Amino acid sequence: MAAITGNLPGDDSAGGYNPSMYELLKAVNDPAELRKLERKQLHQLAGELRAYVLDSVSKTGGHLSSNLGTVELAIALHTVFDTPEDRIVWDVGHQTYPHKILTGRREKMARLRMIDGISGFPRRSESKYDAFGTAHSSTSISAALGMAVSAKIKKEKRRSVAVIGDGAMSAGMAFEALNNAGAMDVDLLVILNDNEMSISPPVGALTNYLARLLSGRMYDTAKRASEHLLKRVPGMLELARRAEEHVKGMVTPSTLFEEFGFNYIGPIDGHDLDTLIATLVNIKKLRGPQFLHIVTRKGKGYKLAEEDPIAYHGPGKFDPVEGIKRPTGGGKPTYSQVFGDWLCDMAKQDPRLVAITPAMREGSGMVRFSEEFPERYFDAAIAEQHAVTFAAGIACEGLKPVVAIYSTFLQRGYDQLIHDVAIQNLPVLFALDRGGIAGGDGQTHNGAFDYAYLRTVPNLTVMAPADENECRQMLYTGFQLNGPAAVRYPRGAGPGVVLQKEFSAIPIGKGRIDREGKRIAILAFGSMLKPALEAAEKLNATVANMRFVKPLDTELVQRLAASHDLIVTVEEHQIMGGAGSAVLEVLANTNRKALLLGLPDRFIDHGDAAKLLSAVGLDAAGIHESIRAVMPE
Ligand SMILES: Cc1ncc(C[n+]2csc(CCOP(=O)(O)OP(=O)(O)O)c2C)c(N)n1
């Protein structure tokens with residue numbers, strides 16, 4: 001493991017640590033065993049845990065940088081707090097691998113994010129130590145506050161702790177919770193895990209504020225305050241607190257978090273295990289809302305991740321010595337790349353184009369655009385609601401906003417989509433990535449509901465490309481419209497068709513027959529066209545690429561219904577309320593037999609996307625089988 005740097009806790013001698021041992025870690029099967037270890041053993045444990053995280057993520061893929069940064073924090077929290085009785089709520093939850101390993105899931109890391117394996121995020125059904133299920137950001141303070149209030153009502157002595165990153169802290173929801181909590185007399189601890197990074201560098205005034213807090217005069221004052229806190233004698237606490245507030249008030253303005261009603265402590269080094277434990281021990285004795293600011297390093301201890309925490313945020317499998325392999329090019333482009341290229345080409349042609357991402361520059365394929373058009377690129381931070389209304393404001397002024405957003409995250413901005421964009425019929429284009437099964441991230445990240453929640457909104461045009469070129473041309477089509485539009489495409493690469501550089505608009509609300517057959521008509525939406533065409537070969541079925549979920553090509557639906565015995569709809573979306581339901585609405589007054597294929601009414605879990613689709617019958621064989629079940633040869 002030559003690539004591990006020397007800054008593993010307890011070993012500053014660069015590479016001298018032998019992770020194959022996992023001597024202490026092997027004996028820790030739950031936090032009670034961790035709490036029996038001596039303080040000096042915890043340093044060795046931290047080294048082992050860090051090596052184990054690197055070792056296992058390199059074999060399975062998953063989140064890496066953030067987890068290398070929470071090794072000491074996870075140890076300190078489980079050492080000081082009486083988990084699972086005390087509740088630890090991790091925000092987003094992508095940084096919980098050390099916590100998972102310490103809470104009985106060490107061996108299960110081998111099947112992380114795989115079918116029947118453990119989730120990459122906390123989950124109540126997976127472990128009693130996972131106090132709250134999550135994966136979308138900025139929910140931790142609200143949830144932990146709910147738990148703290150419940151403990152108070154039930155007269156239980158439990159503690160509630162929220163751990164939130166500086167990126168997740170940028171969302172409105174986190175501030176709504178702070179605002180609510182600070183005015184309550186509850187024992188809640190919020191730990192801000194500040195690594196000065198989101199997935200990419202964080203943006204916004206809060207980021208600048210935190211940087212000032214770390215570097216400026218406030219740092220010294222706050223640091224002295226925290227040292228002072230460590231020396232406190234129980235009983236003198238309130239007196240000391242008031243004196244300290246007074247002193248702080250004289251030298252420096254109170255922190256933002258104090259203005260919210262929290263007692264601010266920090267910043268402290270989140271990799272300094274001794275200070276971390278001692279501080280938490282003291283905070284545990286304090287009553288009321290507490291705010292601990294810790295500073296950690298994303299990728300800590302693994303040189304390559306420290307140097308490039310973005311590349312190591314969520315890598316696939318890799319060799320820890322060699323590091324991740326950069327794509328050599330030549331492969332099929334992903335839909336995100338197709339979108340990113342379209343964005344740059346369109347921006348060259350139309351100076352009104354403005355692009356917005358809620359903190360997903362890399363995932364949405366916008367790195368090149370951000371470099372080539374910095375003045376027209378806006379990272380709104382992890383703030384989907386704001387991103388959508390921000391786009392609406394831009395559209396009011398005659399510019400043409402494109403909001404690149406994952407299907408699952410637009411759920412956060414739904415009222416804004418209706419109230420701010422659609423009612424005012426503003427020309428905002430939504431590039432909706434990760435439509436359908438998300439793969440390793442699992443149920444929280446599947447784009448399974450977007451047809452349903454979009455097609456019910458007046459004024460909106462909803463398109464689903466079946467291949468990369470159709471995606472490019474649909475983005476162009478949506479961009480030209482004088483109203484809101486969404487182009488919804490899946491994760492990963494498409495079938496690999498040639499991309500036409502020239503733009504050509506697709507007729508609105510028109511589908512296309514791709515195969516003429518008899519008796520059976522398959523109406524395919526988006527990614528399902530390819531398996532539908534394959535299934536149709538054996539069935540000699542007609543296949544239509546519907547292209548539009550809204551406006552639906554009702555004329556085509558009626559024509560196919562009149563000339564076929566069975567209408568089959570196929571979509572990578574929940575059957576309930578989806579595109580098939582839209583087709584049924586058209587067929588309501590006919591006696592035509594219809595079969596709706598899509599995702600079932602349950603949350604589809606993590607794993608290989610192709611295998612998951614096949615398991616729910618959304619591959620060529622599954623489509624064929626389902627049709628034959630209702631219409632035998
Ligand atoms: C609502 C929502 N939007 C976007 C994301 C995607 N996302 C996952 S982690 C992350 C960055 C979080 O940054 P931070 O809280 O600082 O944690 P770090 O990764 O730095 O450890 C983002 C944007 C998400 N999980 N939820």
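## Contacts and overall form

In the protein chain, residues 24 or more positions apart account for 76% of the contacts with a separation of 6 or more, a contact being heavy atoms within 4.5 Å. This is a predicted model, in which local features need pLDDT of at least 70 and side-chain atom pairs count only at pLDDT 80 or more, while totals for chains, interfaces and linings use all residues. Residues are numbered from 1 along each chain as its sequence is written, and side-chain values use heavy atoms, with hydrogens and water left out.

The C-alpha trace spans about 85 × 55 × 50 Å along its principal axes. The radius of gyration, taken over C-alpha atoms, is 27 Å, which agrees with the value near 26 Å that a compact globule of 633 residues would have.

## Nonpolar cores

Buried residues make up 59% of the 633 residues, where buried means under 20% relative accessible area with a 1.4 Å probe, counting protein chains only. A nonpolar core is a set of buried Ala, Val, Leu, Ile, Met, Phe, Trp, Tyr and Cys residues joined through side-chain atoms within 4.5 Å.

The largest nonpolar core has 51 residues, and within it Ile75 and Leu77 touch the most other members. Helix α2, residues 39-60, gives the most to this core, with nine residues; a helix here is a DSSP run of H or I with at least four residues, numbered from the N terminus. Beyond its neighbours within four places in sequence, Ile75 is in contact with residues including Leu42, Leu45, Leu102 and Leu273. Apart from this core lies another, of 48 residues, among them Leu417, Leu432, Val462 and Leu587.

Definitions and conventions: Buried < 20%, exposed > 50% of the residue type's maximum accessible area, 1.4 Å probe, protein only. Helix = DSSP H or I, 4+ residues; strand = E, 2+ residues; numbered from the N terminus. Rg over C-alpha atoms; globule rule 2.2 N^0.38 Å.
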